[in-house]
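Reader: Could you take me through this model, one feature after another? I would like the general idea each time, and then the case in hand.

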Amino acid sequence: MRFKRGVAVAAIALTSVLSVVGCAKDSGSSNSPSGGDNAAGCKTVDKPAAASGGASTTEAATKADGSALKVGLAFDIGGRGDASFNDSAAAGLDKAIAEIGVKKENTKELTATDQESEDAKLTRLRQLAQEGHNPIVSVGFAYSDATAKIAAEFPNVQFAVVDGFVENAPKNVTFLGFAEHEGSFLVGVIAALKSKDCTIGFVGGVNVPLIQKFQAGFEQGVETVAPDAKIVSKYITEAGDLTGFADPAKGQVAAKGLIDRGADVVYHAAGASGKGVFAAAKEANVQAIGVDSDQYNQTVVAEYKDIIITSMLKRVDVAVFDYISAVAATDLGSLPQVFDLKVDGVGYSTSGGKIDDETKSWVEAYKQQIIEGKIKVSDTP
């Protein structure tokens, strides 16, 4: 088993019942991208020094030949077409088909359903293994235990779990973890610079440690730029109820509640429920921040693109592609321990032209400070 730093603490407690994270920091103020006060916005700190140096990027992989692979992909609820987490994983498989010769006809995709039993996950993964798929990628922490069990039954098959972790998992399981808090910090910087009323919202899909990482980094990014900003947050469902990732109607209600409390920029980490967050933002004519994929360019949410100012990029596509390539090259040791800012595993999008050069210079300066270790981003709210 490859152990991914930054995943263990968050994932071990994923099934515990957690309290709803409330709003933080209730004092408000105003904002100027150059530091100081503006007629509207937050009061900001002085602009950080310009970024110097650069991040390394992951080159996964040695040019590999994937033509002999039969890749299985087990999606979380929402599946391909969720305009978020699953679509990013699908993009990684599509890239493997396009670039390293994986044959599309030798791939298979299966999708979880709402409130399904653990047996359903076991059956899905066992089916892929019995049909000869190798490697098999499970998308989402909910597959952690099931993947470990099925991997033990099929020791000659390579398995990966995006976001998962299980203690003492079989050696043929790779856990692909991300520094979601680092990427969320960057879009928090953007939110602080773009807010006019200095009240900023966060909508989480399910209240589990993994999603709290998004909240933690986002809040820290906002407060680093605008210490007096008011941040309000809401989780759609509690731990154990994964429908919070696939219920746009509830996402819309959650976002509307934050907007009614004054939020004029809302960031979501809610999977397919994010479509409802965007709907609420558009109806209220406020700004929104997407997650996982570059949601400005997602056709599923195209009707809301005018209010999407950026997205936190969680490069599940990079991780899935790199993993498939590493299996093809029989070199799993080439994978990074965690997909963070240093390896371009997380980041932010600039599609749509809403991130001007001045804003980008702020974000890049903070990004470099994180990469260099000058800023430590918390992974808990």
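Author: Gladly, and let us start with a definition: a nonpolar core is a set of buried Ala, Val, Leu, Ile, Met, Phe, Trp, Tyr and Cys residues joined through side-chain atoms within 4.5 Å. Buried means under 20% relative accessible area, exposed over 50%, and partly exposed in between (1.4 Å probe, protein chains only). This is a predicted model, where local features need pLDDT of at least 70 and side-chain atom pairs count only at pLDDT 80 or more, while totals for chains, interfaces and linings use all residues. Residues are numbered from 1 along each chain as its sequence is written, and side-chain values use heavy atoms, with hydrogens and water left out.

Reader: Which residues touch the most other members of the largest nonpolar core?

Author: They are Phe159, Ile211, Phe218, Tyr267 and Ile324, in a core of 98 residues. Helix α9 (residues 316–328) gives the most to this core, nine residues. Helices (H or I, at least four residues) and strands (E, at least two) are DSSP runs, numbered from the N terminus. A second, separate core has 23 residues, among them Ala254, Val266, Val277 and Ile307.

Reader: What is the strand order in the open sheet of five strands?

Author: In general, strands of a sheet pair through backbone hydrogen bonds, either parallel or antiparallel. Here two strands count as paired if DSSP finds at least two bridges between them. The order is β2-β1-β3-β4-β5, with parallel pairing. β2 (108–111) and β5 (173–176) each have a single partner strand, so one side of each is left without a neighbour in the sheet. Neighbouring strands are turned by 15° against each other on average, direction ignored. Between β4 (residues 159–162) and β5 there are four bridges, and Phe159 has Val173 as its bridge partner in β5.

Reader: Which strands does α9 touch when it packs on the sheet?

Author: Contact means heavy atoms within 4.5 Å. For directions, axes are lines fitted to C-alpha atoms, for helices over the stretch in contact, and angles run from 0 to 180 degrees between N-to-C directions. α9 touches β3, β4 and β5, and its direction makes about 170° with that of β4. Helix α3 (residues 118–130) lies across β1 (72–75), β2, β3 (136–139) and β4, running at about 170° to β2.

Reader: How many residues of strand β10 are buried?

Author: Seven of its seven residues, 308–314, are buried. β10 runs parallel to β9 (residues 287–292), joined by five bridges, with Gly290 opposite Ser311. With β11 (residues 346–348), β10 pairs in the antiparallel sense over three bridges, and Leu313 stands opposite Gly347.

Reader: Is Lys314 buried or exposed?

Author: Lys314, in strand β10, is buried, with a relative accessible area of 1%. The side chains of Lys314 and Glu180 are joined by a polar contact of 2.7 Å. A polar contact is a pair of N or O atoms within 3.5 Å; within protein, one must be able to donate a hydrogen and the other to accept it, and residues adjacent in sequence count only if both atoms are side-chain atoms. Beyond four places in sequence, Lys314 also touches residues including Asp163, Phe178 and Asp292.

Reader: Which cysteines form a disulfide?

Author: A disulfide is a covalent bond between the sulfur atoms of two cysteines; the cut-off used is sulfur atoms within 2.5 Å. Cys42 and Cys198 qualify, their sulfur atoms 2.1 Å apart. The pair links distant parts of the chain, 156 residues apart, and both cysteines are buried. The link is right-handed, with 115° about the S-S bond.
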